[in-house]
Amino acid sequence: MRHRVLFCFASVALASRIAAQTAVDVSRPEERQKARQAVVKAQEKRAQKTSIIEFRGEQAFNEKDLRSALKEEITTIDDFGLSPARADDLAFFLEVFYRKHGYADVNVHYAIESQDRLRLDITEGPRLIVGTVLFDGNAREPADKLFEYMVGPTRER
C-alpha cells in the first residue's frame with residue numbers, strides 16, 4: 001500500500017513537472033510583427049553603413065535602394081564573413097531584384113578584392129515593359145483570368 005501511495009505522488013509530481021516544461025508561449029501576431037520590423041530596421045541600418053560592398057555600373061537605382069533590397073544578404077556577410085558562396089548569393093539576389101523591376105538582361109559579376117571587400121559589377125541592359133498580352137488558342141479560360149495568373153504573385157500560382 002505504501003508503495004502505491006509513493007507511486008501516485010511520484011506520478012503527480014512528474015506530471016506537474018512535464019506540464020510546467022511544456023507551457024506554450026503564444027505571442028500575439030502584433031508582437032511578432034513588431035519584433036520582425038525591429039529586425040528588418042536593424043538590418044537596414046547595418047546594410048547602409050557597411051563598407052564591405054561596392055556597387056559599380058548601377059544607373060536605374062541608387063546605392064541606398066540596392067543596399068536596402070539586399071539587407072539580409074549584406075547582414076549575413078557582415079556577421080559571418082565574406083566567402084565566394086556568399087558573394088555569389090549576393091550577386092544572384094541583385095540580379096533577381098533587377099529582373100523584378102523589368103531588367104531581363106541584367107548581368108551581375110562579383111570580384112572579391114580582399115577578405116573584407118566585395119565589388120559588384122552591374123550591367124543593367126534595357127528595361128522591358130509588357131504592353132499588350134494576347135492569349136492565342138485559348139478556348140477554356142477567360143483571357144482576364146489568364147492575365148491575372150500570368151502577372152499575379154507567385155504564391156497564387
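Analyst: One begins with extent. In this predicted model, helix α5 covers residues 84-100, a total of 17 residues. Its first and last C-alpha atoms are 24 Å apart, close to the 24 Å expected at 1.5 Å a residue.

User: Which residues of α5 are buried?

Analyst: Burial is read from relative accessible area, with under 20% counting as buried. In α5 this group consists of A87, L90, A91, L94, E95, F97 and Y98. Viewed down the helix axis, the buried residues of α5 fall within an arc of 155°, so they line one face.

User: Which exposed residues does the face turned away from the buried side carry?

Analyst: That face of α5 carries A85 and K100, both exposed.

User: Against which elements do the buried residues of α5 pack?

Analyst: Their packing partners include two helices, α3 (63-69) and α4 (71-80). The strands β1 (53-56), β2 (107-114) and β3 (117-123) are also packed against.

User: Let us turn to R46. Is this residue buried, partly exposed or exposed?

Analyst: R46 lies in helix α2 (residues 29-49). Because its relative accessibility is 32%, between the 20% and 50% cut-offs, R46 counts as partly exposed.

User: With which residues is R46 in contact, leaving aside neighbours within four places in sequence?

Analyst: On that basis, R46 is in contact with T75, D78 and D79. For R46 and D78, the separation is 32 residues in sequence and 8.4 Å in space, taken from C-alpha to C-alpha.

Notes. Residues numbered from 1 in each chain as written. Predicted model: local features only at pLDDT ≥ 70, side-chain atom pairs only at ≥ 80, totals over all residues. Heavy atoms only, no water. Helix = DSSP H or I, 4+ residues; strand = E, 2+ residues; numbered from the N terminus. Expected span 1.5 Å × (residues − 1). Buried < 20%, exposed > 50% of the residue type's maximum accessible area, 1.4 Å probe, protein only. Arc of directions from axis to C-beta. Contact = heavy atoms within 4.5 Å.
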